[in-house]
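Notebook open, structure loaded. I'm jotting down what I looked up, one topic at a time.

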Amino acid sequence: MSKKNIGIDEPCCSFCGKSESQVEHLIAAPEDNVYICNECVAICRDQLYEQAAPAPAADAVALLSPEQLKAELDKYIIGQDDAKRVLSVAVYNHYKRVNYNLRNAGKHKRDDERTVSERNGGDDVELNKSNILMFGPSGCGKTLLAQTLSKILKVPFAMVDATTLTEAGYVGEDVENILLRLIKNADYDIAAAERGIIYIDEVDKIARKSENVSITRDVSGEGVQQSLLKIIESTVSSVPPNGGRKHPQQEFIHMDTTNVLFILGGAFVGLDKIVADRQGTTRIGFGGVLKSEATDPDAILPKVQPQDLIKFGLIPELVGRVPVTVALKDLKSEDLVRVLTEPKNAIVKQYVKLLELDGVSLEFNSGALSAIADKAIALHTGARGLRTIVENAMLDIMYKVPSDKSIKKIVITAATIEDGATPEVIRDAA
């Protein structure tokens, strides 16, 4: 663009003093004789980016100390003290790293413009993500632990069953759909979703059949493990907003998984035998161990090493991305009784409250509680079977109480649980 000759009455930028002929554009303000040039606009824009306030408090996760986290978990989950300690420390360290990066990284730049140093708070120390692997028998509290952690920390949560996943291009769910669930649960707030928790259940079901590399396609096993690597590791993933890849022309949602905490869970039946074989627990003599210790999964599973998981069927790359391992124990009868009565959302407390709303007092005597726990153990479903047992025992009661105003108190006994006997009913004397 050709420049005009500078005249005496030529308008000038009120900030830098350059005349209209010295700049590309000169913008006039509503007030007379007030102007700003395009160069000063650019400088103002850059300063706004550079001096932008740090992320608001809502961006940071309200972090609790490991002891506080465990205390909160104790309100909802009975037993599993060792597992809760390990999880509390791992989750605390993860979100401490997330908050540190949010506070100090160059947030005025796009993720792809930031250097490694900026991503890690401006220094040379790189804080890597430590995802978590939980293993233990069915019904011992793996899913509840993950859900409760997200509730305590007030971060988005998504859960998926690994057995529904397949490699891209095959019938089934693509692994990117896991991220889509998290985004939906965060009400499409990408920034919130990028600090969420994803729990992938039944991971043991996608273990490959042997330690040897397969020469055939294993689209729901080893193939899924390979597909999971890219989202579990820190990466910017392209997520189809409608799920699947039927419309390749659609706009993708770009989500950075750097700060997403992945928790993998599974029963891993047979893993204890792999650990026992590695330890040589069948040895006899001074170097051997007691038979009870050698066959007790609760004593063996905490000693799991990465090579045991690889031998079970997880690929080494996936094992390397879940460095924190948490072993959960099978719940005993006394634990199940506590599950029934102690947590905030205990099943017994819920039924007591429901009948209280109808003006009826409900009591489960100690024999009934023990009978429920023993029945759940016989079903081999852990705490999952408790609600079904109580629901069946309470069905007739819940059916009759609302229409029988003479009932004032009901006592559930062991006979009610074991034989379906009628509970003790106390009616109004009048």
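Tyr188 first: I found it in the loop between helix H6 (176-185) and helix H7 (190-193). For helices I take DSSP runs of H or I with at least four residues, for strands runs of E with at least two, numbered from the N terminus. Tyr188 has a positive phi of about 65 degrees although it is not a glycine. At 47% relative accessibility, Tyr188 counts as partly exposed. My cut-offs: buried is under 20% relative accessible area, exposed is over 50%, and partly exposed is in between, with a 1.4 Å probe and protein chains only.

Ground rules, before I go on: this is a predicted model, so local features need pLDDT of at least 70 and side-chain atom pairs count only at pLDDT 80 or more, while totals for chains, interfaces and linings use all residues. Residues are numbered from 1 along each chain as its sequence is written, and side-chain values use heavy atoms, with hydrogens and water left out.

Another positive phi turned up at Phe268, near 50 degrees, again in a residue other than glycine. Phe268 is in the loop between strand E8 (261-266) and helix H9 (271-279). Is Phe268 buried or exposed? Phe268 is buried, with a relative accessible area of 3%.

Next, the sheet. Three strands form an open sheet in the order E10-E11-E12, and the pairing is mixed. I count two strands as paired if DSSP finds at least two bridges between them. Strand E10 (361-364) and strand E12 (424-427) stand at the edges with a single partner strand each, so one side of each has no neighbour in the sheet. Neighbouring strands here are turned by 15 degrees against each other on average, direction ignored; the axes are lines fitted to C-alpha atoms (for helices, over the stretch in contact), with angles from 0 to 180 degrees between N-to-C directions.

I then checked the pairings. E10 and E11 pair in the parallel sense over four bridges, with Phe364 opposite Ile412 in E11. E11 (residues 407-412) and E12 run antiparallel, joined by four bridges, and Lys409 stands opposite Ile426 in E12.

Asp358 sits in the loop between H15 and E10. Asp358 is partly exposed, at 38% relative accessible area. Its C-alpha is 7.6 Å from that of Val401, 43 residues apart along the chain.

Cysteines: I searched the whole structure for disulfides (cysteine sulfur pairs within 2.5 Å) and got zero. Cys13 is in no disulfide either; the nearest cysteine sulfur, that of Cys40, is 3.7 Å away. By accessibility, Cys12 is partly exposed at 33%, whereas Cys13 is buried at 4%.

Last, the lining of the second largest pocket. I sorted its residues into twelve nonpolar, six polar and three charged. Here Ala, Val, Leu, Ile, Met, Phe, Trp, Tyr, Cys and Pro count as nonpolar, Asp, Glu, Lys and Arg as charged, and the others, Gly among them, as polar. H5 gives the most to this lining, with four residues.
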